Amino acid sequence: MLVSFHNSILLSLCVLLLGVNFGAADCGCGAANREKAAEKYLERANSEPSTEESHDDIEETIIHITPRSVRPQEEDLEATMSLIPGGDYTIGTNKAVFEADLESPEKKIHVDNFYLDKYEVSNEKFREFVDATGYKTEAEKFGDSFVFEGFLDDATKEENKDFRVVGAEWWYKIKGANWEHPEGEGSDLTGRENHPVIHVSWRDAVAYCKWRKMRLPTEAEWEVACRGGKKQRLFPWGDKLMPQDKHWLNIWQGEFPQGNSKEDGFMGTCPVDQFHQNSYDLFNIVGNVWEWTADLWNPEDVEKKPENRNRVKKGGSYLCHKSYCYRYRCAARSQNTEDSSAGNLGFRCARDASRE
Ligand SMILES: [Ca+2]
Ligand SMILES: [Ca+2]
């Protein structure tokens with residue numbers, strides 16, 4: 001069902017020999033960065049014609065909403081968002097699980113009152129945005145995105161085996177994968193209208209929130225919201241993963257990357273209103289899909305080109321398991337380049353409470 005890339009052999013060698021190494025920090029729970037794969041592609045593109053758009057072309061059209069944009073009606077905030085109380089809070093942890101992720105030390109921060117979506121942005125909500133604006137996501141412009149092997153049939157995996165991420169071979173770069181076609185050409189959103197939109201880059205997320213007259217939450221806001229008013233707890237509801245012997249989030253059960261026993265009911269994404277997790281009425285704030293935040297991973301990266309800048313993502317995903325990616329804790333954090341997209345990465349929006 002999938003067509004291999006036109007220069008597959010050369011590119012495969014390039015990727016394998018030069019090593020697209022996404023590092024232990026990603027552990028399979030995060031998403032592969034487009035940056036490095038794209039760099040390898042662009043190296044080839046210097047000597048071979050490519051039909052892909054250049055990053056500069058994408059940069060010109062992304063985020064800027066087209067003139068025919070139709071703004072959404074003013075929302076009933078009480079129905080879709082939670083008012084998170086501002087104040088002085090502590091985020092991070094002094095008991096880091098992943099030192100390299102800079103979870104430690106704890107930090108004192110202040111946030112003002114703000115609203116945060118109760119739910120991850122769903123496919124049907126993202127469709128409203130696309131229908132109103134004609135927006136094209138970066139994955140659509142690049143022509144591919146990263147898909148977890150568990151969603152691909154054997155023929156597709158064989159055809160695309162040279163487009164796996166070195167060091168995280170369960171990620172396949174699949175032609176035609178994008179938000180409307182999460183597993184590539186031939187897949188669609190039937191039955192997943194209320195699941196989180198995936199294969200959206202940081203800039204896609206910014207554009208969507210901007211259309212709703214909103215913004216992405218900062219990492220501090222996201223973490224304050226995740227903690228639900230509790231101090232120094234691992235999860236939004238407390239320290240125990242499964243109080244009352246119930247599943248409180250959508251992660252991985254069993255051996256990774258094969259053998260998901262789906263005890264929480266879901267192999268992949270679940271509906272955005274599936275797991276109610278804290279006193280702020282937030283759903284799937286941990287688990288289900290990673291969520292982009294507004295923050296740069298390294299504030300000094302502001303001088304870098306957008307395709308090389310990394311943004312903080314929070315919350316872990318349906319691929320996370322304690323044995324290798326214990327990142328579905330409020331303090332946990334990871335990163336991807338702004339133009340990255342994958343099948344386990346989405347977002348939710350925030351807005352100031354003080355604005356008119
Ligand atoms: Ca699951
Ligand atoms: Ca989430």
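A residue is counted as buried if 20 or more other C-beta atoms lie within 10 Å of its own. By this criterion, eight of the ten residues of helix α8 are buried in the predicted model, so the helix is largely enclosed by the rest of the structure. The buried residues are Trp202, Asp204, Ala205, Val206, Ala207, Tyr208, Cys209 and Trp211. After α8 comes Lys213, which has a positive phi, near 60°.

The chain as a whole contains nine helices and twelve strands. Of its 356 residues, 47% count as buried. Among contacts between residues at least 6 apart in sequence, 75% join residues at least 24 apart.

In soluble globular proteins, nonpolar side chains tend to be buried together. The surroundings of Leu216 were examined with residues up to four places away in sequence left out. Leu216 touches Ala205, Val206 and Cys209, and its other contacts are Trp292, Thr293, Ala294, Phe347, Cys349 and Ala350.

Eight of its nine residues are buried, so α9 is largely enclosed by the rest of the structure. The buried set includes the nonpolar residues Trp222, Val224, Ala225 and Cys226. Glu219, Glu221, Glu223 and Arg227 are also buried. Just after α9, Gly228 adopts a positive phi of about 55°.

Tyr135 lies in the loop between α5 and α6. Is this residue buried or exposed? Tyr135 has 21 other C-beta atoms within 10 Å and is therefore buried, since the threshold is 20 or more. With neighbours within four places in sequence set aside, Tyr135 is in contact with Phe129, Val130 and Ala207. Tyr135 and Ala207 are 72 residues apart along the chain, and their C-alpha atoms are separated by 8.8 Å.

Strand pairing was examined next. Strands of a sheet pair through backbone hydrogen bonds, either parallel or antiparallel. One open sheet has four strands in the order β10-β9-β8-β11, and its pairing is mixed. Its edge strands, β10 (334–337) and β11 (345–346), each pair on one side only. Four bridges join β9 (residues 310–314) to β10, and these strands are antiparallel. Asn310 has Thr337 of β10 as its bridge partner.

Elsewhere in the chain, strand β7 (residues 168–175) pairs with β5 (residues 144–148) in the antiparallel sense over five bridges. Within this pair, Phe146 stands opposite Lys173. Strand β7 is also joined to β6 (residues 164–165) by two bridges, again in an antiparallel arrangement. Here Val165 has Ala168 of β7 as its bridge partner. Strands β6 and β7 form a hairpin with two residues between them. One residue of the turn, Gly167, has a positive phi of about 90°.

Definitions and conventions:
Residues are numbered from 1 along each chain as its sequence is written. Chains are lettered from A and ligands numbered from 1 in the order in which they are written. This is a predicted model: local features need pLDDT of at least 70, side-chain atom pairs count only at pLDDT 80 or more; totals for chains, interfaces and linings use all residues. Two residues are in contact if their C-beta atoms, placed from the backbone, lie within 7 Å. A residue is buried if 20 or more other C-beta atoms lie within 10 Å of its own, exposed if 12 or fewer, and partly exposed in between; C-beta atoms are placed from the backbone. Two strands pair if DSSP finds at least two bridges between them.
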